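Here is a walk through a few helices and some individual residues worth a look. Have the viewer open as you read.

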Amino acid sequence: MTDLDAAFSGTEEPTERLKLDLSALAAFMAEHVPDAGALESGRKFKGGQSNPTYLLRARGGDFVLRRKPPGELLRGAHAIDREYRAIAALHPEGFPVPRPFAYCGDESIIGSAFYICEHVAGRVVWDPLMPDEEPAKRAATYANAADWLARLHSLEPAQIGLGDFGRPSGYAARNLTLWSKQYRAAEMQHVPDMHWLMDALAERVPADAPTRLIHGDYGIYNIIFAADAPRALAVLDWEMATLGDPFVDLAHHLRPWWLPPAPGAPTLCGQDLAGTGIPAMNEQVERYLSHMGLGAVPDWDWYLAYAQFRFAAMVQGVLKRYADGTAANRTSTHTAKTVAQAAASARRVLEGAGG
């Protein structure tokens, strides 16, 4: 087990702020979750920085509860209602997501909105280097992740009941505006490269790509794989899912390859991957494009720079929640230095493309 596995795998007792009212929750489950039986415990998963997620043990089996953090939140963040709708639409299609049971928008039950789904047992790859695996298993794990991303982007949203899940065009520009606002709302110290990027990215927004259902944070760290095979059982964390530009999803999926090295945050960036079984970034892109029937991504440098900018904004949001005492996880591998490094990397990409 790696250090990241120890930090992010398993469960822990929630802090006082994040404890569940098990009596109220049991009454809700008795009405909305078939055959759950008596609720015995609710412990919080260590992993995840955004929406607190819990393992519920009941007489009828194990379940997962995912909730908004209590307290005042950034507008548009922690959209678990949309997350629930996405998995409810994808589950019947055979896409690997947990079986959804019930959504509850009544904040009086546990203090915030939540939903309950099945518990999927397996493994999560927290370390992208996968140091305990053989090359063949590493290669197959990354291939499986790319294949399912392409499958997601091949679905016609209207055909699975999600035709109104987002606006039909203008996603890249809107998303850039959103994350620029989110960053400014969470900013605690001035990072010049972030402000440069907000201007430079806005000046070069690509033309609209075909609108597809996108995940928003599709990485191998958000996939539960089978314990005995490199096979995805459940893609998690759909809070940012919407209709939008699939190439934004692809660029963010490549995070392990472009994430700047930092203590406690393993990355593929700068690593010699020869012989490891892990594909180079361009190979992962080529596998995805092959499944999509495409030869290349127009304006690829913009997408790659934007993914790094958005990641930096996400990290800043987590740091702000830590400062405010509302973070879902007590452990983070990222600091203010992560924000600055990611921003600098994004700027180099964009300037290298003619900036």
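Does Lys-337 count as buried or exposed? With 55% relative accessibility, Lys-337 falls in the exposed class, because the cut-off for that class is over 50%. Keep in mind throughout that this is a predicted model.

Lys-337 sits in helix α11, which covers residues 336–352. Pair Lys-337 with Lys-46 and you get 291 residues of separation in sequence, while the C-alpha atoms are 23 Å apart in space.

His-32 belongs to helix α2, residues 22–32. Its relative accessibility is 35%, so His-32 counts as partly exposed. Leaving aside residues up to four places away in sequence, His-32 touches Phe-101 and Ala-102. Thr-177 is another story: 145 residues separate His-32 and Thr-177 along the chain, and their C-alpha atoms are 38 Å apart.

## Helix α10 and what flanks it

Now for helix α10, which runs over residues 300–324 and has 25 residues. From first C-alpha to last, α10 reaches 36 Å, close to the 36 Å expected at 1.5 Å a residue. How many of the residues of α10 are buried? The count is 20 of the 25, so α10 is largely enclosed by the rest of the structure.

The backbone does something worth checking on either side of this helix. Asp-299 is in the loop between α9 (281–292) and α10, and its phi is near 60°, a positive value in a residue other than glycine. For background, most residues other than glycine have a negative phi. Asp-299 has 44% relative accessibility, so Asp-299 counts as partly exposed. Just after α10 comes Gly-325, with a positive phi of about 80°.

## α6 against α10

Helix α6 takes in residues 192–203, and its axis comes within 11 Å of the α10 axis, with a crossing angle of roughly 140°. The two helices are therefore oblique to each other. The crossing of α6 past α10 is left-handed.

Who makes the contact? On the α6 side, the residues are Met-194, Leu-197, Met-198 and Leu-201. On the α10 side, they are Trp-302, Ala-305, Tyr-306, Phe-309, Ala-312 and Ala-313. Sorted by class, this contact has 10 nonpolar residues, with no polar and no charged ones. If you're wondering about the spacing of such residues, an α-helix has 3.6 residues a turn, so residues three or four places apart point the same way.

## α5 against α6

How do α5 and α6 lie relative to each other, roughly parallel or roughly antiparallel? The axes of α5 (residues 171–186) and α6 come within 11 Å and cross at roughly 165°. That angle makes α5 roughly antiparallel to α6. As with α6 and α10, the crossing of α5 past α6 is left-handed.

From α5, the contact uses Leu-176, Ser-180, Tyr-183 and Arg-184. From α6, Met-194, His-195, Met-198, Leu-201 and Ala-202 take part. The class count for this contact is six nonpolar, two polar and one charged. Met-194, Met-198 and Leu-201 also turn up in the α6 contact with α10.

Helix α4 spans residues 135–154, with 20 residues. Its reach from first C-alpha to last is 29 Å, close to the 28 Å expected at 1.5 Å a residue. Buried residues in α4 include Arg-138, Asn-144 and Leu-152. Met-130 lies in the loop between β7 (123–124) and α4. Its phi is near 45°, a positive value in a residue other than glycine. At 3% relative accessible area, Met-130 is buried.

The axes of α4 and α9 come within 9 Å and cross at roughly 40°, so the two helices are oblique to each other. This time the crossing is right-handed. In α4, the residues at the meeting point are Tyr-142, Ala-143, Ala-146, Asp-147, Leu-149, Ala-150, His-153 and Ser-154. They meet Gln-284, Arg-287, Tyr-288, His-291 and Met-292 in α9. By class, the contact of α4 with α9 divides into seven nonpolar, four polar and two charged residues. Several of the α4 residues here are also buried, among them Tyr-142, Ala-143, Ala-146 and His-153.

Definitions and conventions
Residues are numbered from 1 along each chain as its sequence is written. This is a predicted model: local features need pLDDT of at least 70, side-chain atom pairs count only at pLDDT 80 or more; totals for chains, interfaces and linings use all residues. Side-chain values use heavy atoms; hydrogens and water are left out. Helices (H or I, at least four residues) and strands (E, at least two) are DSSP runs, numbered from the N terminus. The expected span of a helix is 1.5 Å times one less than its number of residues. Buried means under 20% relative accessible area, exposed over 50%, partly exposed in between (1.4 Å probe, protein chains only). Axes are lines fitted to C-alpha atoms, for helices over the stretch in contact, and angles run from 0 to 180 degrees between N-to-C directions. Angles under 35 degrees count as roughly parallel, over 145 as roughly antiparallel, 65 to 115 as roughly perpendicular and the rest as oblique. A crossing is left-handed if the near helix is turned anticlockwise from the far one by less than a right angle, and right-handed if clockwise. Contact means heavy atoms within 4.5 Å. Ala, Val, Leu, Ile, Met, Phe, Trp, Tyr, Cys and Pro count as nonpolar, Asp, Glu, Lys and Arg as charged, and the others, Gly among them, as polar.
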